[in-house]
Amino acid sequence: MEFNNKRKGDDSSGQDENQRKQTKIDDYWLAMVPTHNPFAPLATGSTDIPEKEHDQEKETEKREPRPPPIFVHNVQDIKPLTDLLEAVAKNAYTYKTLRDLTVRIQPSNGDTYRKLHKALKDKNTDMHSYQLKNDKGFRMVLKRDVSVRRSGSAVSNVSQTQML
């Protein structure tokens, strides 16, 4: 008994299969869709960074950290506060009223933060804020085997790189 539907036992020479396959059209206008593999550098082991990503990394390095908010307490009337904010930093901030007569002021950049903080401090305003990340100091541990002359130049080099 012989089964004609099984592929294993098929003794045909393969000519029928070639005739059944669809022919490939090379000049069809929808045939080739240009594709790009974003993971191709990983497969080849290349360490080259594409230009777009390299530019984005430079932008993120140069970007200034967001300044901390300023919390002003015991604000009975917000009008004088908004007048002061407009006079010092025109449209370079946002503010939100919180509970317990508190207003949170969010400056848009570090310069605006410094101006607002100084103006509010000059008026003896009941407020608190945090220190800017750029203004924070840093600590170093010097080991005993480092000479004093080398350590002084090393500290200045590190402080310059930390400020950038």
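Thr102 is buried, at a relative accessible area of 11% (buried means under 20%, exposed over 50%, partly exposed in between, with a 1.4 Å probe and protein chains only). This is a predicted model, so local features need pLDDT of at least 70 and side-chain atom pairs pLDDT 80 or more, while totals for chains, interfaces and linings use all residues. Residues are numbered from 1 along each chain as its sequence is written, and side-chain values use heavy atoms, leaving out hydrogens and water.

Thr102 sits in strand β3, residues 102-107 (helices are DSSP runs of H or I with at least four residues, strands are runs of E with at least two, numbered from the N terminus). Leaving aside residues up to four places away in sequence, Thr102 touches Phe71, Val72, His73, Lys96 and Thr97 (contact means heavy atoms within 4.5 Å).

## How α4 meets α5

Over to the helices: the axes of α4 (residues 78-88) and α5 (residues 110-122) come within 10 Å and cross at roughly 135°. The two are therefore oblique to each other (under 35 degrees is roughly parallel, over 145 roughly antiparallel, 65 to 115 roughly perpendicular, and the rest oblique).

On the α4 side, Leu81, Leu84, Leu85 and Val88 make the contact; on the α5 side, Lys115, Leu116, Ala119 and Leu120 do.

Terms used:
Axes are lines fitted to C-alpha atoms, for helices over the stretch in contact, and angles run from 0 to 180 degrees between N-to-C directions.
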